[in-house]
Amino acid sequence: MEALCNSEDMLAKVNQLWTMLDDLAESNPESYHQFMQQQLKDAKQHYAPAEPYMCLKTCILEPTEKSLFVNLCRWNQVPAPQSPSDPVPLRAGKMEEISEKSEFYTVLDIAYNQSVIEKGKDDPKMKDQLIRLSLKYIEEQYNIILSNSYTITKFKLKGSLARMRQSLRRGQAPAALSQKTLQKDSSDLTLLMENTVPSKTCLIEEISTTEQPEELCTPAYEVTIIKDMNEKPLKIELKVELPEVHCVSECDLSVSEDDVLIECPAKYKLHLDLPQSVNEEATTAAFHSQKRVLLITMPVSEKK
């Protein structure tokens, strides 16, 4: 009986709405047209599929050490926060092991409302907060330990667009990031939508300052110049020992024509001037995880 009454009330409201629209169409056709166009636009945005925003690469330390790609996406079917102090809703797919051609990797997709993504686009601090909240959610949800460092890849999406959208559609119901669900290191995790200063500077900002140089030590390294039969330099090989590094995503490498900079947050920093000018675009680097050694090969530049 109660359900019948509710249905009748809903039908009455629908009829009332249609009557108002009919009146608007007759009295002000232009306003009616604008209203309907806006409704169609809003519906199109709401039901549009998820789109990639950026891809992160980090490292799972426990229980099994391996690289992890995290696709952060925008999707308006994920609710927006009701107010700046409310938790930030998200939707996550399942962590998947993907094998494509000769590549094997682990990937996870996370989606936020477009309004949340927009907040972090032009603000590096807010973007970092969003990323670290996402990584903390992954740790809590999947009971794993991630590296404290991450890199933003040059590509926006790891894997195919169809796989990502399917993963999010069949993923878990929207969750929410809040201080209550993220109890570990909560002082570092101010909600993205709150324009407040964190009570404790986040890790990346701490290690980039000059206030704590003692945390960054110079790793052992070896420079070798490979020459041809005429003693002409062909390439420079730089071998760096990084015993505290678990995977390559923990390091940032920058090579210019004249120098090399290696930074491993809170662990190592190495800045070397090169004995020969090199071709930075042809430079390659490989990290041997078992030996914890980074090998950088830099062809000598042919420019005079």
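**Note on salt bridges, cysteines and surface patches**

1. Lysine 239 and glutamate 222 form a salt bridge, with 3.8 Å between the closest N and O atoms. A salt bridge here is a side-chain nitrogen of Lys or Arg within 4 Å of a carboxyl oxygen of Asp or Glu. Lysine 239 lies in strand E10 (residues 233–241) and glutamate 222 in strand E9, so the pair ties together parts that are 17 residues apart in sequence. Helices (H or I, at least four residues) and strands (E, at least two) are DSSP runs, numbered from the N terminus.

2. The model is predicted: local features need pLDDT of at least 70, side-chain atom pairs count only at pLDDT 80 or more, and totals for chains, interfaces and linings use all residues. Residues are numbered from 1 along each chain as its sequence is written, and side-chain values use heavy atoms, with hydrogens and water left out.

3. Both partners of the opening pair are partly exposed: lysine 239 has 37% relative accessibility, and glutamate 222 has 41%. Buried means under 20% relative accessible area, exposed over 50%, and partly exposed in between (1.4 Å probe, protein chains only).

4. The salt bridge count comes to 9. One of them joins the side chains of arginine 163 and glutamate 96, at 2.8 Å from N to O. Arginine 163 sits in helix H5 (residues 161–169) and glutamate 96 in strand E4 (residues 96–100), so this pair links distant parts of the chain, 67 residues apart. Arginine 163 and glutamate 96 are both buried. Salt bridges that share partners join Glu96, Asp109 and Arg163 into one network.

5. Lysine 136 is buried, as is glutamate 139. Helix H4 spans residues 124–142 and also holds leucine 135. Leucine 135 is buried at 7% relative accessible area. Its C-alpha atom is 9.4 Å from that of tyrosine 150, 15 residues away along the chain.

6. Tyrosine 112 belongs to strand E5 (residues 103–112). With 0% relative accessibility, tyrosine 112 is buried.

7. Cysteine 55 is buried at 0% relative accessibility, whereas cysteine 217 is partly exposed at 39%.

8. A patch of negative charge on the surface gathers Glu257, Asp258, Asp273, Glu280 and Glu281. Patches are made of residues with over 30% relative accessible area and no salt bridge, like charges being joined within 9 Å and nonpolar side chains (Val, Leu, Ile, Met, Phe, Trp, Tyr) within 5 Å. Glutamate 281 is in the loop between strand E13 (268–273) and strand E14 (284–288), and is exposed at 77% relative accessibility.

9. Tyr221, Val223 and Ile225 form a nonpolar surface patch with about 240 Å² of accessible area together. Accessible areas come from the Shrake-Rupley method with a 1.4 Å probe. Tyrosine 221 is in strand E9 (residues 221–227) and is partly exposed, at 40% relative accessibility.

Methods. Lys and Arg count as positive and Asp and Glu as negative; His and the chain ends are not counted. The place of a charge is taken as NZ of Lys, CZ of Arg, CG of Asp or CD of Glu.
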